[in-house]
Amino acid sequence: MRWLRLFALFLLALFLGAGLALGYMAYAFTRDLPDLAQLDRLRLTATSTLYARDGSLLAQIASVEEGRAIHRGLVRLSQVSPAAVAAVVFSEDRRYFQHYGVDFLRLFGALYAVLKGDLQGGSTISTQVLKNTLLKDLAQERTLERKIKEWILALELERRYTKEEILEMYLNVIPWGGNAVGIAGAAEAYFGKDPGGLSLAEGLYLASLIPAPNARYGDLKGVRERMRRLLNEMVAEGWVSREVAEAAWREPLEPSGWRARYDEGGNLLEARLVDPEARLVRSISPKMASHFVLEVRRFLEARFGKEKVYGEGGLKVYTTLDPAMQRAAEAAAQRARLPEGAELALVGLDPETGEVLALVGGIRRENDQYNRATRALRNPGSAVKPFVYATALEAGWTQATLVPDRPLEFPDPSQPGGVWRPKNFSGTFLNRSITLRYALDLSLNLPAIYTAHQVGVEKVAEKLAQAGFAVRYPTLAIAIGGASITPIDLAAAYAAFVNGGYRVAPIFVARVEDARGEVLYRATPERRLLFDPLVAYQGWDLLKGYVYDLGEKGLAKGARIPGRVVGGKTGTTNEARDLWFAGVTRGLSAVVWVGRDDNRPLRMGGREPSSSVVNPPIWRDFVAEALRGRPGQDFPLPPGLVRVRVDLLSGYPSAGGVEMLFPKGKVPAPPPPPEPTPPAEGPGAQETPPTGLQSPAPGESPAPQAPPPEPTPPAEGPGAQETPPTGLQSPAPQAPPSEEAP
């Protein structure tokens with residue numbers, strides 16, 4: 001009997017030891033359990049969504065977790081279709097609403113399923129929430145420690161939260177393969193829809209992926225077999241009717257990346273995985289306007305910081321993009337006839353607010369990150385001249401003020417002989433004075449340089465800087481393009497000619513909200529007064545003149561749009577490295593730039609192209625479609641200006657001249673009557689009639705030879721001189737960009 005007592009004591013000691021060991025293990029595993037209160041503070045990253053101005057989806061910016069892009073949208077349980085919720089719950093934890101966080105029956109069932117070859121886990125929805133949040137560091141470990149921690153925390157989780165709250169957490173944290181996390185990300189990745197629109201069949205497909213999403217995604221046939229089994233079990237357990245189950249089975253599912261064919265009974269006849277990466281959401285996924293979206297992303301990073309954008313996300317970003325205008329811009333860019341190797345940038349914005357309505361930053365390469373519309377700082381050529389002449393108008397000049405088109409010389413040690421002799425594009429000149437308006441119509445360089453000198457190059461440089469030009473040195477070369485600007489800033493500057501004189505700041509984002517709908521940012525238009533309103537309107541009149549004055553010989557005739565009044569200016573730099581057209585009309589300020597990224601000279605058919613040939617048709621193609629059906633009449637004439645028909649060459653009022661605008665009190669006077677010619681003496685002398693000044697027909701340039709005597713200029717103010725003063729002094733200019741030939 002003694003050995004029986006010893007054996008009993010041994011067993012007792014063994015059980016006590018095992019109990020103590022298990023107790024110690026439980027204590028060791030649970031003494032550092034995470035606090036469930038962290039779930040209340042848990043920050044789940046989410047994909048930020050960008051919307052166009054009409055509310056349509058524009059792009060998505062994925063959040064980043066552990067160095068990789070994550071596609072997740074945070075949703076409420078009420079935002080998920082009940083059919084999809086039922087499918088997920090039935091597949092993953094059908095006794096979810098009966099157990100208290102740990103389902104021991106499911107543990108044994110999972111073991112049995114694994115023995116049959118069907119990978120299942122014994123986890124409940126509650127334990128999976130913990131595994132994907134507080135116990136994420138242990139998620140890949142199949143250890144007793146993890147299970148004990150899950151079970152203990154699951155019991156506490158069920159005590160603190162309702163079943164609905166736990167289920168909502170689960171639907172937002174569960175990984176669904178690829179880079180989709182949560183049911184919102186999965187619905188978008190696999191079916192391109194919101195979770196509220198998921199059908200029972202789609203919900204069952206997603207539920208079938210959960211245990212091994214990446215492997216099962218590549219096996220559509222196997223997933224269909226599991227779906228069939230789940231549907232039969234749902235009918236048997238009363239979750240759905242036989243009719244509903246059969247309708248779900250016959251739904252022809254085609255997840256992203258798959259091409260599938262079914263018979264009428266829902267049986268899979270053929271399935272091919274044609275694009276395995278179709279379900280992946282990249283760090284930024286634009287639906288259109290990729291360069292615009294990149295600019296919005298830069299704005300968000302600068303405004304909120306990368307940690308907010310990528311480490312938290314969930315932002316709702318309402319942009320200024322007009323989808324119809326963007327489609328018009330992209331179509332015009334694709335149809336454009338460009339020089340060899342040339343890139344293109346096109347931007348259109350609201351001249352009143354600065355809201356960017358359409359933007360093309362390049363067309364030659366896929367996934368191009370370089371946005372030429374906002375980053376290409378290039379010389380504008382003669383597209384700068386309207387600002388030079390508007391500065392002169394502000395100084396008291398008029399459109400009829402005479403400016404000389406004659407050779408000019410300026411000291412410049414960097415030039416041969418220490419003298420800069422600027423030229424017109426053609427290398428010729430009229431050798432006479434002409435009106436300021438005619439000088440712009442012909443896009444002549446010499447009159448623009450003369451104007452800047454007379455007005456004051458420092459004043460012109462200051463005005464250009466206020467307009468958004470990058471002016472390195474205040475030299476006379478800036479009058480013909482020796483400053484730099486981006487296409488979007490040029491569009492913002494040209495807006496001043498039609499909005500009362502204000503340079504507008506480009507706006508890409510109208511409003512930003514967080515996931516709760518709280519407004520984090522709301523744009524306010526920024527307008528900076530550049531010109532007096534009357535001066536700005538006269539500038540608009542000059543831009544119209546450039547398009548219409550010279551008829552079919554006009555350099556911007558290609559920009560005309562039937563039924564719409566437009567104005568604008570071309571620009572061509574040295575060796576045709578940059579081609580521009582900046583134009584304005586009611587409702588839009590738009591710019592087209594063409595050039596090479598390597599800044600090499602452009603060639604088209606072996607010849608040097610002109611902006612007057614390349615750019616205006618692209619601009620017209622875009623603007624005509626973008627503003628189709630919208631008002632196209634001229635802007636109303638402001639008080640203080642009067643219309644007068646004036647001869648383009650002489651500056652005198654003329655019934656057959658061009659209609660120009662003048663401030664009241666600055667209307668040019670008619671020419672003085674000719675003085676009588678004294679009678680000739682001597683035999684055979686004949687009376688010679690007075691020589692009259694003959695103006696060329698619009699568009700015809702006078703021959704570059706000595707003209708007949710010129711009348712006294714009728715215009716008032718500085719610059720109304722027949723000839724430029726001798727000995728003009730100015731800071732040493734840089735070599736001037738060229739411009740198209742008249």
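**Asking what the words mean**

Student: How many bridges join strand 1 (residues 48-51) to strand 2, and what makes the two strands a pair?

Tutor: Four bridges join strand 1 to strand 2, and the two run antiparallel. Strands pair if DSSP finds at least two bridges between them, so four bridges are enough for strand 1 and strand 2. Within this pair, Thr49 stands opposite Gln60 of strand 2. This is a predicted model, in which local features need pLDDT of at least 70 and side-chain atom pairs count only at pLDDT 80 or more, while totals for chains, interfaces and linings use all residues. Residues are numbered from 1 along each chain as its sequence is written, and side-chain values use heavy atoms, with hydrogens and water left out.

Student: What makes something a strand or a helix here?

Tutor: Both are DSSP runs, numbered from the N terminus: helices are H or I with at least four residues, strands are E with at least two. By that rule the protein chain has 23 helices and 23 strands.

Student: Why do strand 7 and strand 17 stand at the edges of their sheet?

Tutor: The open sheet has six strands in the order 7-2-1-8-16-17, with mixed pairing. Strand 7 (284-286) and strand 17 (519-522) each have a single partner strand, so one side of each lacks a neighbour in the sheet.

Student: What makes helix 8 mostly covered?

Tutor: Buried means under 20% relative accessible area, with exposed over 50% and partly exposed in between (1.4 Å probe, protein chains only). In helix 8 (residues 182-191), ten of ten residues are buried, among them Ile183, Glu188 and Phe191. These buried residues pack against strand 2 (57-61), helix 3 (82-93), helix 7 (163-173), helix 9 (200-209) and helix 10 (213-217).

Student: Why are helix 8 and helix 9 called roughly perpendicular?

Tutor: Helix 8 and helix 9 pack at about 105°, with axes 11 Å apart. Axes are lines fitted to C-alpha atoms, for helices over the stretch in contact, and angles run from 0 to 180 degrees between N-to-C directions. Angles under 35 degrees count as roughly parallel, over 145 as roughly antiparallel, 65 to 115 as roughly perpendicular and the rest as oblique. Helix 8 and helix 9 are therefore roughly perpendicular. Contact, meaning heavy atoms within 4.5 Å, is made by Ala186, Ala187, Tyr190 and Phe191 of helix 8 and Glu202, Tyr205, Leu206 and Leu209 of helix 9.

Student: How do you know whether Asn424 is buried or exposed?

Tutor: Asn424 has 5% relative accessibility, so this residue counts as buried. Asn424 lies in the loop between strand 13 (419-420) and strand 14 (432-435).

Student: What does the side chain of Asn424 reach?

Tutor: The side chain of Asn424 reaches the backbone oxygen of Thr428 at 3.0 Å and the backbone nitrogen of Leu446 at 3.1 Å. A polar contact is a pair of N or O atoms within 3.5 Å; within protein, one must be able to donate a hydrogen and the other to accept it, and residues adjacent in sequence count only if both atoms are side-chain atoms.

Student: Which residues cover the two faces of strand 19?

Tutor: Val566, Gly568, Thr570 and Thr572 are buried on one side, and Gly567, Lys569 and Gly571 on the other. Strand 19 also pairs with strand 20 (residues 578-585) in the antiparallel sense, over seven bridges, and Thr572 stands opposite Leu579 there.
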